[in-house]
Amino acid sequence: MPQDPFAWIDERAAVRRAAGLARGLRPRPAESPLLDLASNDYLGLARHPEVTEAAAAAARAWGAGATGSRLVTGSTELHAELEAALADFCGFESALVLSSGYAANLAVVTALTGHGTLAVSDAANHASLIDGCRLSRARTAVVPHADPDTVAKTLAGHTGGAAVVTDSVFSVDGDAAPLGRLAEVCRAHGAALLVDDAHGLGVLGPGGRGAPSAAGLAGAPDTVATVTLSKSLGSQGGAVLGPARVIDHLVNTARTFIFDTGLAPAATGAALASLRLLRREPRRAARVRAVATALHERLTAAGLDAVRPDAAVVSVRAPSPDAAVRWAAECRAAGLVVGCFRPPSVPDGVSRLRLTARADLTDGQLARAMEVVTGTAPVRG
Ligand code: PMP
């Protein structure tokens, strides 16, 4: 009898199920009666008529797909327009659009660090930055979360090229990195600062220009930022922002740029329309921050252990993975969708509900959401 090459998969699935850690997909209908505090559509632009119309118009004008990699046929004038608009809005010299934020992070870390260099990476960084460090073959020092002094000590012991790699806003707890201090440390040691601003664009900085802008680092010669087009901009895709020489280096060396099909025209056009809206309506960024603060205030007032949000993500601790799963399920049964984070997505082992603020939530929806979350909570102070 030949061996079943996938028997081990069933064993692992059984272990996951026994531990209550099995996951599955739950396709949502186009129109849902549920109130959503789980999506990353922070500014409520994914279904904005101007944005969806721009997506449709771009598909009609340029085709459903980009038709090739960016260096062959996949660079349209629309991509160039989006790159110019992103660089201008966020205050960087140059920008490069890739097919996702994940691909942008892999591109930056692998193209700017490598054999013989040091990558200093925050312990709470997003998986895409961690994978970038692994792929780059740089020596990677994982430093305690938000700890610039340890970053400084780590850089001090190193000669040769180095980069400090960090999220601007951490995706699980929603807290911000000490970007100002990290930039000082990088400058003192001649290291590059690579910032993933996935959760900062559209939320932080003047009119949502992002965390580097808020920290006075936009356009700095030693700072490179990545963004996703899939959260505040309500589209899909990613981008790198930085000095023109860095962007040119990525065009010539970054494998997730070179060997990947260009971003679909619809996603490109939608992101451009969202940027235009954000320029015209800067209050959207202020509103999402106000909603996040209101969520946090109401959760803590109800005795729940919520992390003070620096952007749109509000994290609430649960006593155990099982309790988190039950809590999220009870919220859903009451008409509210929330995120649920548990091991292994949270390496510290602390399970949480993750709520995301949105600029388009009404005060009534906010009140209803808080009623459900606090009313179903497993612990009260
Ligand atoms: N960085 C962070 C911090 C993220 O939260 C995400 C999305 N979950 C990404 C990068 C990846 O972006 P994308 O979804 O565009 O690949």
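## Close-up views of a predicted model

**View 1. In helix H4, Gly101, Tyr102, Asn105, Leu106, Val108, Val109 and Thr110 meet Ser128, Leu129, Asp131, Gly132, Cys133, Leu135 and Ser136 of helix H5.** Two residues are in contact here if their C-beta atoms, placed from the backbone, lie within 7 Å. Before you look further, please note that this is a predicted model, in which local features need pLDDT of at least 70, side-chain atom pairs count only at pLDDT 80 or more, and totals for chains, interfaces and linings use all residues. Residue numbers start from 1 along each chain as its sequence is written. Helices (H or I, at least four residues) and strands (E, at least two) are DSSP runs, numbered from the N terminus. The axes of H4 (residues 101–112) and H5 come within 8 Å and cross at roughly 35 degrees. Axes are lines fitted to C-alpha atoms, for helices over the stretch in contact, and angles run from 0 to 180 degrees between N-to-C directions. H4 and H5 make a right-handed crossing; a crossing is right-handed if the near helix is turned clockwise from the far one by less than a right angle, and left-handed if anticlockwise. By class, the contact of H4 with H5 has seven nonpolar, six polar and one charged residues. Ala, Val, Leu, Ile, Met, Phe, Trp, Tyr, Cys and Pro count as nonpolar, Asp, Glu, Lys and Arg as charged, and the others, Gly among them, as polar.

**View 2. Seven strands form an open sheet with mixed pairing, in the order S2-S8-S7-S6-S5-S3-S4.** At the edges are S2 (94–98) and S4 (139–143), each of which pairs on one side only. Averaged over the sheet and ignoring direction, neighbouring strands are turned by 20 degrees against each other. Two strands pair if DSSP finds at least two bridges between them. S3 (residues 118–122) and S5 (residues 162–167) have four bridges in the parallel sense, and alanine 119 stands opposite alanine 163 in S5. On its partner S6, S5 also pairs in the parallel sense, over five bridges; there valine 165 faces leucine 194.

**View 3. Helices H5 and H6 lie across strands of the seven-stranded sheet.** H5 (residues 127–136) lies across S3, S4, S5 and S6, running at about 160 degrees to S3. H6 (residues 148–156) lies across S3, S4 and S5, with an angle of about 155 degrees to S4.

**View 4. H6 packs against helix H7 (residues 179–189) at an angle of about 15 degrees, with their axes 9 Å apart.** That angle makes H6 roughly parallel to H7; angles under 35 degrees count as roughly parallel, over 145 as roughly antiparallel, 65 to 115 as roughly perpendicular and the rest as oblique. The crossing of H6 and H7 is right-handed. Pro148, Val151, Ala152, Leu155 and Ala156 of H6 make the contact with Arg181, Leu182, Val185 and His189 of H7. Seven of these contact residues are nonpolar, one is polar and one is charged.

**View 5. Aspartate 196 sits in strand S6 and is buried.** It has 31 C-beta neighbours inside 10 Å; a residue is buried if 20 or more other C-beta atoms lie within 10 Å of its own, exposed if 12 or fewer, and partly exposed in between, with C-beta atoms placed from the backbone. Leaving out residues up to four places away in sequence, aspartate 196 touches Asn105, His126, Leu129, Asp167, Ser168 and Thr226. S6 (192–196) is mostly covered, with five of its five residues buried. Ala192, Leu194 and Asp196 point one way from S6, and Leu193 and Val195 point the other way.

**View 6. A second open sheet has four strands in the order S1-S10-S11-S9, with mixed pairing.** S1 (35–37) and S9 (313–317) are the edge strands, each with a single partner strand, so one side of each is left without a neighbour in the sheet. From one strand to the next, the twist averages 35 degrees. S10 (residues 336–341) and S11 (residues 352–356) pair in the antiparallel sense over three bridges, and the bridge partner of cysteine 340 is leucine 353 in S11. Helix H13 (residues 321–333) packs on this sheet, touching S10 and S11, and its direction makes about 165 degrees with that of S10.

**View 7. Arginine 12 lies in helix H1 (residues 7–18).** This residue is exposed, with 9 other C-beta atoms within 10 Å. The C-alpha atoms of arginine 12 and proline 221 are separated by 47 Å, and the two residues are 209 residues apart along the chain.
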